[in-house]
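Take a look at the model below.

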Amino acid sequence: MRRDVIHLNIQQLKYFDGICKWGSFSKTAKNLYISPQGLSMAIMRLEDEFSCRLFQRNSNGVVLTPEGEFLRDHVRNILSELEECERFFASQKAVMKTISLGCVYGCLSEFAVGVIQDFEELHSNIKISVTEYPSIPCDQALDDGSVELAFNVGPVDTEKYEAIPVFPVRLCLVVNDRCRTFSSLGTDTITEDMLPMIQKVPMVTVDKNFKTPAMFLDYCAQRSITPEVKVRVGEVIGVHRIVSTNPDLVGLTTETVANALPMPHVVSYPLECPGLAWTVYLVYKRDTLMPPAAQSFVNYIKAQINDN
């Protein structure tokens, strides 16, 4: 069926232009302060909107397809015009205030982009500067003052931080459809009484910069379940890629990431386990004088939670 409406955002075009400029996904992710996973997902969505491949990988990095070359020239014109508009309106504005916000990887794509955009529309003199981190470095950035506020996952040290629960997501196991242990489950979810079965298959998880594996393993240990973590990777998309090609591993991820990253042979099973979830909190230091702009954002989040 023909689709007449293309849904794009400016950030996708900037990411695309960055890859054209630097010839590398990893360099672009570093230079534009986005996780490699987030960049890959943004380009996948852009390619989906245009129903074509924009890049081909080779031994030297990535090269544009003919469709990508066509888009590149138009995107640069678009971004140039937008930059001119930004310069004009910036000169018309009063002095802007900035909030430094840390976001755990995955948080922006889960929900935070819309929240930030809505807040900035209501507060035209406040700009939110976002930096993404794994969950442990996100705490460290809050500690050393690199950010004023953070969207981070639990558990949260409530002696050090105020923490407002914002967004819960179910954890999820992803397995290869050829995995014998899971092939005859006969269910779409995994409940607490079924967790011992994961001891039969080694696991792949994100590394120790993230809180989620430790939280999951602690939950299992309290129930005398001892999964074997065989592989650790630096980003959650790596979990999915490994499971896609390996029927002898089970991966730990979140439900929304599993839905956003469909891959060949990968089947997802959300965990229906009481007390086990990937919950994002708005976190900030206790007993610290907060700048008015940051306090406005905290108040906005509280109001959104109360309204819902």
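**Two helices in contact**

Helix H1 (residues 10-22) packs against helix H3 (residues 36-50) at an angle of about 105°, and their axes lie 10 Å apart. That makes H1 roughly perpendicular to H3 (the term covers angles of 65 to 115 degrees). On the H1 side, the contact (heavy atoms within 4.5 Å) uses Gln12, Leu13, Tyr15, Phe16 and Ile19. H3 brings Leu39, Ala42, Ile43, Arg45 and Leu46. By class, the contact of H1 with H3 has eight nonpolar residues, one polar and one charged.

This is a predicted model: local features need pLDDT of at least 70, side-chain atom pairs count only at pLDDT 80 or more, and totals for chains, interfaces and linings use all residues. Residues are numbered from 1 along each chain as its sequence is written, and side-chain values use heavy atoms, without hydrogens and water.

Now the sheet. Six strands form an open sheet with mixed pairing, in the order S8-S12-S7-S11-S9-S10. (Two strands pair if DSSP finds at least two bridges between them.) Strands S8 (190-191) and S10 (229-233) stand at the edges, each with a single partner strand, so one side of each is left without a neighbour in the sheet. S8 runs parallel to S12 (residues 266-272), joined by two bridges. Thr191 has Glu272 in S12 as its bridge partner.

Terms used:
Helices (H or I, at least four residues) and strands (E, at least two) are DSSP runs, numbered from the N terminus. Axes are lines fitted to C-alpha atoms, for helices over the stretch in contact, and angles run from 0 to 180 degrees between N-to-C directions. Angles under 35 degrees count as roughly parallel, over 145 as roughly antiparallel, 65 to 115 as roughly perpendicular and the rest as oblique. Ala, Val, Leu, Ile, Met, Phe, Trp, Tyr, Cys and Pro count as nonpolar, Asp, Glu, Lys and Arg as charged, and the others, Gly among them, as polar.
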